[in-house]
Amino acid sequence: MLSASITVDPAFVVGPVRRRTFGSFVEHLGRCVYSGIHDPGHPSADADGFRGDVVDLTRELGVSTVRYPGGNFVSGYRWEDAIGPVDQRPRRLDLAWHSTEPNLVGVDEFMRWAAKAGVEPMMAVNLGTRGVQEALDLLEYCNVPGGTAWSDKRRANGAEDPYRVKMWCLGNELDGPWQVGHKSAHEYGRLAAETARAMRMLDPDLELVACGSSGSGMPTFGEWERVVLTEAYEHVDHVSAHAYYWEEDGDLASFLASAIDMDHFIESVAATADAVRAAGKHTKRINISFDEWNVWYQKRAESQSPSGDDWPVAPVLLEDKYNVADAVVVGNLLISLLRNTDRVHAASLAQLVNVIAPIMTEPGGRAWRQTIFHPFALTARHAAGDVLRLAVDSPVQPTAKFGDVPVLDAVATHDPETGDLLILAVNRSVTDGVVLEVDLRGFPGLRLVEALTLANPDHTWSATADDATSVLPRTNTTAKVADDHARTELPPVSWTLVRLAHP
Ligand code: AHR
C-alpha cells in the first residue's frame, strides 16, 4: 500500500459549488433524442412521447442545465422547421452526422421535456449557416411574452408563457474544420459580438457563451480565444471549453491522469481571457462554460458517421460502453471542474442519453445506468456550499503523456450552513492501493456519515441492459474517523466519496 495525506481547512475556499457544474447535453445526434429522451411507443411515454424512465434517471443523475440542440448539429439547423403541427414539419438532411432529421422534437417539445426533468434549458443558436437575425427570431420566440410575430406563434403553438431561457451559446465549435460554417477566429469573433449585442438589446439579462476551442490540441488553441475575446469581450459572459479524453492506445496510467489536462486547459483559457481583459482595459472577468466534456472513444466504429446515400434517422452513433476506469476518470474530471469553480461557472457532461452518455436505452425497452452515471450522480447530490482547496501529499506514478503524476487527486466541499464536509478522491495508481490520511483539525468533532468507493478487480467491466448493477459504488468499510482525523484505503483505479457531518 502507498500512503497519501490531505489537509482540509474551512478557510481555504476556492468559491461556491455551482449547480450549473452538473449540466448535461442533448443533441439531435444518433439516438440521443429519438429513442433516447423521445420514444412515443415506449410504455412509459407521456403525451409528448417522452420516456418517463429517462426523465426519472435524469432527475436521479442530478442534472442542472441541459444544453440543446447541439453540438455540430446546430450549425446547420433551422429551428423554425420544428415548431407547429408535427405532421407538417419538413425532414431535412443533417450534414453534421450524415443523418435525416425528422423534426418530431423541436424547441417547444424540448422545453416541455426540460420542465418535466426539472432542468434549466441552455440553448445554442446556429452561427454556422445562419446569423444575427435567426438568433434574434429564436430569442423572440422563446423569451418575449407576446404581441409580436414569433412570440404569438409560440403562444399559438401552446406555450402561453415565455420560456425565459437565460443561458445561450453563440454557435458551436466554429474553430473546427468539421463544422458546417467553420470560421476563422476573426470572422467568428465579429459575428459572436454582433449577435450578442443584438440579443442583449432584446433581453439584457441573458448570459452569453462565446465559442472557445473544441480542444486544447487544436492548432489554433489560445490564439482562437485571444482573437474571439478581443472582438467580443464586452458582449459575452463566458467562453466555452470542450474536451474529450481517451483513445484506444493502451496507456492506462496516462488516461487515469486526464484531469491534469483538464486543469491545464482551464488555466490556459482563464489566463488568455485575463490577458485580453488587461489589454482591453476591461473590468469584468470572462469565465468558462465547460459545455462539452467526457470520455469518448472517437476512433471506434460506433463513432463513425454513415456515408454515401445512407442518411438514416437516429442511427446508432457514439454509443460508447463505459467501464470502471472510465468512471474513475469521469469522477476525476468532476474533481477538476469543482477545484476550478472560481473560473468554471458552468459545465455540461456530453451527452445525456445513448450518445457518449451516462444513460442508455433500448428502443421501446429497458433503460440503464452506465458506470459513469454513479460518480456524477453522487457528486451532484452531495457537493454543497464552498469548494475547498486541499494540501495534498501524494506519491507519484510515471505517465507517458504527463510525466510523474500524483496518484491521489482530491477535492472537498464544505457547507457552512450545515457543517457537512464532502471529500472526493481518486486513486490513479494502476497497481497499488493507497492509504489516505485526512487531517481534519479545521473541523473538530466531525463523524463519518458514509464512505463509498467505485472500483473493481477488473476495471474493464461495463454495465449492460442485463447487468447494470454487479459493480456499483459500495460502502468502504476501511473508512474510520477519530480525533479529528480520517483514514481510508483506496483500491487501485478507484473513485471514493467520504461524507462527514456533526453528530
Ligand atoms: O458531443 C459530440 C460532438 O462533439 C458535438 O456535436 C460537437 O460539438 C463535438 O465535437
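Three cavities of 30 Å³ or more were found in a search of the whole structure, a cavity being a set of points, on a 1 Å grid over the protein atoms alone, where a 1.4 Å probe fits but cannot get out. The structure is a predicted model, in which local features need pLDDT of at least 70 and side-chain atom pairs count only at pLDDT 80 or more, whereas totals for chains, interfaces and linings use all residues. Residues are numbered from 1 along each chain as its sequence is written, and side-chain values use heavy atoms, with hydrogens and water left out.

The largest cavity has a volume of about 100 Å³, where a volume is the space filled by probe spheres set on the grid points, which are joined across faces, edges and corners. Of the 14 residues that line this cavity, Tyr77, Trp79, Ala124, Asn126 and Leu138 are the closest to its centre, lining residues being those with an atom within 4 Å of a point. Strand E7 (120–125) and helix H3 (132–143) are the elements that give two or more residues to the lining of the largest cavity; helices (H or I, at least four residues) and strands (E, at least two) are DSSP runs numbered from the N terminus. By class, this lining comprises eleven nonpolar residues, one polar and two charged, with Ala, Val, Leu, Ile, Met, Phe, Trp, Tyr, Cys and Pro counted as nonpolar, Asp, Glu, Lys and Arg as charged, and the others, Gly among them, as polar.

The second largest cavity holds about 70 Å³ of space, and its lining includes His28, Tyr34, Asp94, Trp97 and Pro315. Strand E6 (residues 99–101) provides the largest share of that lining, three residues, and the lining as a whole divides into five nonpolar, four polar and two charged residues.

Pockets were treated separately, a pocket being an open set of points with protein on both sides within 12 Å along at least five of seven lines. The largest pocket contains about 550 Å³ of space, and among the 30 residues lining this pocket, Glu173, Trp178, Tyr244, Trp296 and Gln298 are the closest to its centre. Strand E10 (238–245) and helix H8 (258–280) each give two or more residues to the lining, with E10 giving the most, four residues; the lining of the largest pocket is made up of 13 nonpolar, 13 polar and four charged residues.

For the second largest pocket the volume is about 240 Å³, and of its 18 lining residues the closest to the centre are Gly76, Tyr77, Arg78, Leu93 and Asp94. Strand E5 (residues 92–94) supplies the largest share of this lining, three residues, and the classes are represented by six nonpolar, six polar and six charged residues.

The chain is divided into domain 1 (2–9 + 387–501) and domain 2 (18–33 + 66–382), with bounds that come from an automatic or database domain assignment. The C-alpha centres of the two domains lie 30 Å apart, and their contact, meaning heavy atoms within 4.5 Å, takes 41 residues from domain 1 and 35 residues from domain 2.

Zero disulfides were found in the whole structure, a disulfide being a pair of cysteine sulfur atoms within 2.5 Å. Cys169 is in no disulfide, the nearest cysteine sulfur, that of Cys211, being 7.5 Å away, which is too far for a bond. Cys169 counts as buried because its relative accessibility is 1%, and Cys211 likewise counts as buried at 3%, where buried means under 20% relative accessible area, exposed over 50%, and partly exposed in between (1.4 Å probe, protein chains only).
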